Each structure stands twice: as C-alpha cells, then as structure tokens.
Amino acid sequence: MSIIATEMKNIAIVNGLKLSSFAYNEIASGKNAPGMVSEYAGSIPGVEESILLLPEGPEDGASLPGFTCRRLSTCTLHELMLKLQELSEGYENIFYFYADCPFLDSELTERMFKNHQKYFADYTFADGYPYGLSPEILRPKVLKPLQDSATGCRAHGQTAVIKRDSIFELIKKDINAFDIETEIAPSDLRVLRISLSADSKRNFLLLKRIYEHGGKTAVSICNILKEKPEIQHTLPALFSIQIVEGCPQLCTYCPYPKFSIKSTGKKDEMRLSKFESLIHRIEDFCDDAVISISLWGEPSYHSNIMDIILSVLNRKHLRLFIETSCVGWNSNIFYEIAKRGGKSPDWIVSLDANTPEMYGQLRGPQFDEACAAIEILLTYFPGHVYVQAVRMKSNEEDLESFYRQWKKKTGNVIIQKYDHFCGYLPERKVTDLSPLVRFPCWHIKRDVNIYIDGRVPLCREDVNSQYNLGNVFSDDLEEIWSKMEKYYLAHLKKDYPEICKKCDEYYTFNF
C-alpha cells in the first residue's frame, strides 16, 4: 500500500438498498456478487470503516463480512445524501459503490485514488468503462452542496429516487463548482450500454459468461467484451406487443395502413386471458423486461384496456410503456390507474405537430382531443409523459415551436427520426444520422415484437413477417429468442439479410 494511502482516513459506503435476488446467485464457485464486493473492499486504500446501506424493514439476512449495516427509511435521493453526510463525518474520502457489482477492480481503484489525491479532486470517476468496474470517490465537503441540490431535485412533482448515476447527475447540475478527476478507459465501451451488476437475470447471465471466459479484472473484462461480442446476446429487454388491430387515424408516414388496416376503426383485439398468460411467461423468462402494448394499433381501442395495463403494472419488476395517439381514451381510465398508486406506466404521445393544420396533414382532425388528453396525463402521471414528434421534411419547420411549447409543460419531449421501414415507405428524413461504421442491430440484440395472433417477426421493420421466428402462443419464448441469436451472430460477421441491408434503424436504441 502506498504511503499516501496509509495517511488517509477513508470510508467505504456500499449501496445495498435494492438488491435483486440475482445478487445472491453464484457467479463463480462459491462466490456471489456481495461476497466478491466484500473481497474487493478489503483492498481499498486507507479505509477505516465500511458501511452497507440497506432499506429499513425486517432483518433480511443481507450483510457483507466486515461491513456495518445502516438502514434508510425512505430510500430517496434526499435521504441518501443526508446519510452520506452523516456517515462520512471525520473522514477525508468516501469510496461509494454498489453491493451487486462483483467485478470492481482494485488496480483501477488505486489509480483513480492516486490521481484523486495528486490533483486534489473533489470527485473522481472512471469514464469509458462498462458500469460496475470502478467506485466513485468523493471528498465529504462536496456533500453539502449536493444535498442542497438533492433537496430541490424533483422529477416534475415526484421525490427523486436513487439511481446508479445519481451522484454524478447532481454534480452535473453545477459541474464547474467541483474539481473533477476522470480515469479514461483505453477504449470507450460506453456504446455497449452494459451494466456489470447482478441486478437482473439478463445482467447476471452476462456476468456468468464473462467470468467463464476468464474475466476478473477491468483489463481482461474489457478485452472479452471486445473480442467475444457474441456473449452479449443474453435476454430480451423489450417486448412490443400488438393488443389491438385498428386505429382511429391513418397517419401519412406510418406503414400500418399500407400493410394491414385500410380504414379507421377497430378490427380485432388480443383476448385478455391470452395477454395475461403471455405476460406471466415473459416475467418468468426475463424478470425485468419493458412491455409495450403499442406495436401496431391504438391501445385505447381494447375493451379491457384497464385490465391489460394492470396486468403489467402488478408485476413487481416489469415496466410498461404505452405509445398512443391520445385519441379515443376515456379519461376515467387515466384517473383509475393513477389513484391506485404504486408503479406508473410511461406514456408516449405521438403528436407530431404544433398546429391543427399540420396535424391534420399528418394524422387527421383530432388535434384538440389529443392535446386535451395530454394535459390530463400530465396531471395524473407527472414525470411519466413524453410528447413525441417524428422529424420529417413535411413538419421540419413546425418542430422548433413544437419543442419549445411542450418543453415548458414537460421536460420529456422526443424528436424521433423518420423510419422508411427498409424502403417500404418513401424516404422523408431530413438528415442522415447513421454511424460511419455499422454495428450489430440493437433491436435484434434486445427486442421481441409480437403480433396480435402471436407471430414473432424478425423486428418491427419486418412488417410482412418475411422472417417469422415462431408464435408465442405455441412456441417457447426461449426457442424463439434462440432463433433471433442466429441473426445477431450473422450481424457480427457483417452478414446481413436483405431486409437488414436496407435498414436505417439498427443504431436506434429503445431499452
């Protein structure tokens, strides 16, 4: 240990507030994530005390050898900052990390700490590495201004929750007020969007694969991720499900009226019992998936839309988002969902225009109805409503006023790129956003799309189901997903099916 390190009086504070059951599954022989974190903590320079933060409640057996447990009652960002201030009093540096990150690297930590000391940094972090290889290092003096920021940090009326990047996000609010030191990775792997944490079945599977390939240090793990990209195809993150056939609008830039419906109105719907059974199987297959009920068709048309929504929200780890025109909804449904409390769906409202005239050209005559419904959603679901416009040549001049108006009402405004569906529709995009070098498709890597009759196309672009992967009502989800892997492996070799050769969506990321 270095001389500088021994002179320091440091504290390690480990976040164990929302540990998944996968954190306690075995990654290596006799080792789980908290156990590996405990071993790592013993190597941190100058640490005199180690604290494990846990939620208040019944003793659940969660512990780390050598750590003292401290409990938080509300588990909000405000309370976390107060607790960090309280625990770090009298210490010179805080090492903050999570208890489900088994690959925290001692050598990387030591380099970070040396620079933290050398350059008198207030805050030190690693950049360009996958999440989960390094701690955050703070001087306690920064906690008071961060606490002040957290006190006023409201997500449109909601108390800010603790996230893995919460401390950095607070620092960014006034970044020039702090001396920040960054440990830059040799290769920037942020583009992989990987989290080396045992917080879900998907991420746990990746941890196992990395360890089995010899990944134990930051260097070896980064090399494996670059040299063995096939191990990243773990489990799907998004299931887009068509629950209704039919729509109140025939949008001019949408392929749905061309390949399916020819007129407005409801044609068919997925039975509630089938949907509920499917959701149960999805939860078993990948516990924390995002569910969309808006693949094609307007969700408001479903006769059991309330039960459809609740069947997802009542699942502990599943997340629901609803993309809608906001046409045809009974506002009482919004109220009933909101008053139950608990998890909220995320609403994405396709509006596309800022005037009735432009809206009429793109979507139809229901502009006032859609805007009124958005206002109700903003009241009942603060922080969970996104107003969206597809950017194309026909509405380009309208988008600045669209963005400015809705930005005042909600911080969640989406400007989506135009999609020609692999040449199925005319090209109307304003600019080319595609990367200079192509990489494997995010959607083949992470998404599953399901039609109303259970068919699974290759992706959302495969509107005519030319590449049918099976049927969820007759085939196992695991079997369907394994068929998708064949196309992902082909993409790694730059061997693209015909539909993929014409695709301009491979680089867009959902969840």
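## Cysteines, a mixed sheet and its salt bridges

Let's start with a pair of cysteines: the sulfur of Cys254 sits 5.9 Å from the closest cysteine sulfur, that of Cys251, which is too far for a bond. This is a predicted model, and a disulfide here would need two cysteine sulfur atoms within 2.5 Å. The structure holds 0 disulfides. Cys75 is likewise in no disulfide, and the nearest cysteine sulfur, in Cys69, is 13 Å away. With a relative accessibility of 18%, Cys75 counts as buried.

Now turn to the sheet. It is an open one, built from 7 strands in the order β3-β2-β1-β4-β6-β5-β9, and its pairing is mixed. At the edges you will find β3 (68–72) and β9, each of which pairs on one side only. On average, neighbouring strands of this sheet are turned by 25° against each other, direction ignored.

How many of its residues are buried? The count is 6 of 6, so β1 is mostly covered. In a regular strand, side chains alternate between the two faces of the sheet. Both faces of β1 are covered: Asn10, Ala12 and Val14 are buried on one side, and Ile11, Ile13 and Asn15 are buried on the other.

Follow β1 to its neighbours next. On one flank, 6 bridges join β1 to β4, and the two strands run parallel; here Val14 stands opposite Phe97 of β4. Another 6 bridges join β1 to β2, again in parallel, with Ile51 in β2 as the bridge partner of Ile13. To get from β1 to β2, the chain passes through helix α2 (residues 33–41), and this β-α-β crossover is right-handed. Helix α3 (residues 77–88) lies across β1 (10–15), β2 (47–55), β3 and β4 (93–98), and runs at about 145° to β3.

Further along the sheet, β5 and β9 run parallel and are joined by 5 bridges. One spot to look at is Tyr123, whose bridge partner in β9 is Ile180.

The last stop is the charged side chains. Side chains of opposite charge can pair when their charged atoms come close. Across the whole structure, a search finds 28 salt bridges. One of them links Glu39 with Lys31, whose closest N and O atoms are 3.9 Å apart. Lys31 counts as partly exposed, at 30% relative accessibility.

The salt bridge between Asp127 and Arg190 (3.3 Å, N to O) reaches across the sequence. Asp127 lies in strand β5 (residues 123–127) and Arg190 in the loop between β9 (180–184) and α7 (201–212), so this pair ties together parts that are 63 residues apart in sequence. Asp127 is partly exposed, with a relative accessible area of 22%, and Arg190 is also partly exposed, at 48%. Elsewhere, salt bridges that share partners join Lys417, Glu427, Lys429, Asp432, Asp504 and Glu505 into one network.

Terms used. Residues are numbered from 1 along each chain as its sequence is written. This is a predicted model: local features need pLDDT of at least 70, side-chain atom pairs count only at pLDDT 80 or more; totals for chains, interfaces and linings use all residues. Side-chain values use heavy atoms; hydrogens and water are left out. A salt bridge is a side-chain nitrogen of Lys or Arg within 4 Å of a carboxyl oxygen of Asp or Glu. Buried means under 20% relative accessible area, exposed over 50%, partly exposed in between (1.4 Å probe, protein chains only). Helices (H or I, at least four residues) and strands (E, at least two) are DSSP runs, numbered from the N terminus. Two strands pair if DSSP finds at least two bridges between them. Axes are lines fitted to C-alpha atoms, for helices over the stretch in contact, and angles run from 0 to 180 degrees between N-to-C directions. Contact means heavy atoms within 4.5 Å. A crossover is right-handed if, with the strands pointing away from the viewer, the path from the first strand over the helix to the second runs clockwise.
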